[in-house]
Amino acid sequence: MVKNPGPDSTVVILSTADFESEVWTNKQHLASGLISNHRVVYIESLGLRRPTFSRRDLGRIWQKLRRANLKEGPAANRTTNRPEVVRPLVIPFHQFRLVRMLNSILIRSMLKPKLPVPGDSVVYWTFSPLNYGLDSHFGNVVYHSVDLLHTIPGIPTAALLAAEKELVRAAEVVIASSQGVKQHLDSLGAPDVVLWENVASVELFSGTKNDRLRRAIFAGNLTPTKVQAELLLDLAESGVKVALAGPINIDGTPLSGALSSVLNHPFVDYLGNLELAELAVEFSKSKVGLIPYHINEYTAGVFPMKVYEYLASGLSVVSTPLPSLKERQISGLHLADNKEAFIEKVLHELGIFTEEQAEVRTLDASDHSWTRRTEEAERLLTGLLGPHKPERGNI
C-alpha cells in the first residue's frame, strides 16, 4: 500500500466530463480512487466542444445553466466515495478570442473562489489542455492527456493546441494514455512523458460469472464518428448475434442510417446504457468483445478502456487495427484489417471459445486494474507533495 502523503493533501481535478457522465472514463475513476487518501475537488467540463442545436446539447446547456456555480460540499466526499464537485459556468465557444476573454473573467470571479488555497499540499491534475491559466494558480501541476482532443469535430483546435503547448512545458508531470497521445505530446515539446495506458475495473468484471451465449458484445458510446456502424451491420447480417450497450450519439451528432439499421436488426439486442455492474453481467454472458472503431485522426490516440474490461470478463477481443493496439502484444486480442477479416475472426473466436481460455485471459488482465493505477497515482502524488516548491503565481 502506498503511503498517504498526508491527511490535509488536496487533489484538484479539471475534467473534460461531468462526474455523473453516462460513461465513466479516467477522470471519474481517478477521482473516486484518490478519495480515501485525499480531499478531491472535481471541476466538471468547461464544455470544449462547440454545442449544436440537437436536443441532447440543448438539454445539456440547460442543465449547466440550472446547476451553474453550484458545489457539492465536503460532506459529499469520502463517506460516499464522491469528490466535491464544482460546476463552472463558461461560454462554450472557445474558438473566439472575445469569448475566451469573457471566460477568463468568469473563471476568475466564479470558479477561483471555490478552489483550495494554493500550497505545497495541493496538486492540480488537469485532463483539459485549455484551462484558462488555472495551472498557474497551483504549484504542483499534472497534465493527463487521454485523447487527441484537437481532432474532435467542434473542438477549438487552434486555441486548444496553443494552450496545450504551454501546459506541457509548465506541468511537473505529463501523462499520456496511449502511444499516439504520447507522440503528440512529444511533438509539442513535453519532456519525459509518462505512458499510462487505460486500465479497467478488472475485479468487478472478473468476479461475475454466468452461462455464456454464442454472441458478441460491444459497449461504449454508439456514435458514428467513432463506431463503424456498417461493420456491426455486416456482422449481424452474417448471422452473429450482437449485444450493444451504451449511450447513442453522446457527441451530439445525428443518428446515422446505418446505426439505425443496426439497432433495428433482428440479430442485434440493444441493452441501453448500463451501470458497470450490469455491464459485467452482460459481458459474462458473452464470448467475444468487439472494438469496431474507425481508423482516423482521432482514434490514432485511442487505447480503449474496454480492452481490459473484456479480457477480465474472459472474452476474446476482436478489434479494428487501432495504432495503440497494433504496437502492443496482448494475449486474447485479435486485430482485423478489413470487414471480411473482422467477421471471420469473430466467427472463429465464437467457435473455439472455452472457459479454460477465458480463465487465462481473466488472469492476464488482472495486472491492468484501477486498483494498481490508483497506487501509481499515489506514488506520483507522494513525489509531488514531498519537498517544498515555490508558488507559480496567481490567475
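**Reading helices and sheets in this model**

Q: Let me start with a pair of helices: is the crossing of α7 and α12 left-handed or right-handed?

A: The crossing of α7 and α12 is right-handed. Please keep in mind as we go along that this is a predicted model.

Q: At what angle do helix α7 and helix α12 pack, and how far apart are their axes?

A: Two packed helices are described by the angle between their axes and by the distance between those axes. Here, α7 (residues 229-237) packs against α12 (residues 339-352) at about 50°, and the axes are 10 Å apart. That angle makes α7 oblique to α12.

Q: Which residues in α7 meet which residues in α12?

A: From α7 come Leu 231, Asp 234 and Leu 235, and they meet Lys 339, Phe 342, Ile 343 and Val 346 in α12. By class, this contact of α7 with α12 has 5 nonpolar residues, 2 charged ones and no polar ones.

Q: How do the axes of α1 and α14 cross?

A: The axes of α1 and α14 come within 10 Å of each other and cross at roughly 70°. The two helices, α1 and α14, are therefore roughly perpendicular. On the α1 side the contact is made by Asn 26, His 29, Leu 30, Gly 33 and Leu 34, and on the α14 side by Trp 370, Thr 374, Ala 377, Glu 378 and Leu 381. The contact of α1 with α14 divides into 5 nonpolar, 4 polar and 1 charged residues.

Q: How many residues of helix α1 are buried?

A: Helix α1 (residues 26-34) is mostly covered, with 8 of its 9 residues buried. Among the buried ones are Lys 27, Gln 28, Ala 31 and Ser 32. The buried residues of α1 pack against several elements, including β1 (10-14), β2 (39-43), α9 (276-284) and α14 (370-384). For the protein as a whole, 54% of the 395 residues count as buried.

Q: Now for sheets. In what order do the 7 strands of the open sheet stand?

A: Strands of a sheet pair through backbone hydrogen bonds, either parallel or antiparallel. In this sheet the order is β3-β2-β1-β4-β5-β6-β7, and the pairing is parallel. At the edges are β3 (84-86) and β7 (194-195), each of which pairs on one side only. Further in, β1 and β2 are joined by 5 bridges in the parallel sense. You can find Val 12 opposite Val 41 in β2, and Thr 10 opposite Arg 39 in β2. Strand β2 is itself mostly covered, with 4 of its 5 residues buried. Lying across β4, β5 and β6 (173-176) is helix α4 (residues 157-170), which runs at about 130° to β5.

Q: What is the order of the open sheet that 6 strands form?

A: Its order is β10-β9-β8-β11-β12-β13, and the pairing is parallel. The edges belong to β10 (268-270) and β13 (333-335); each has a single partner strand, so one side of each is left without a neighbour in the sheet. On average, and ignoring direction, neighbouring strands of this sheet are turned by 25° against each other. Strands β8 (residues 215-219) and β9 (residues 241-245) run parallel and are joined by 5 bridges. Within that pair, Phe 218 has Leu 244 in β9 as its bridge partner.

Terms used. Residues numbered from 1 in each chain as written. Predicted model: local features only at pLDDT ≥ 70, side-chain atom pairs only at ≥ 80, totals over all residues. Heavy atoms only, no water. Pairing = 2+ DSSP bridges. Axes fitted to C-alpha atoms, helices over the stretch in contact; angles between N-to-C directions. Parallel < 35°, antiparallel > 145°, perpendicular 65-115°, else oblique. Left-handed = near helix turned anticlockwise from the far one by under 90°. Contact = heavy atoms within 4.5 Å. Nonpolar A, V, L, I, M, F, W, Y, C, P; charged D, E, K, R; others polar. Buried < 20%, exposed > 50% of the residue type's maximum accessible area, 1.4 Å probe, protein only.
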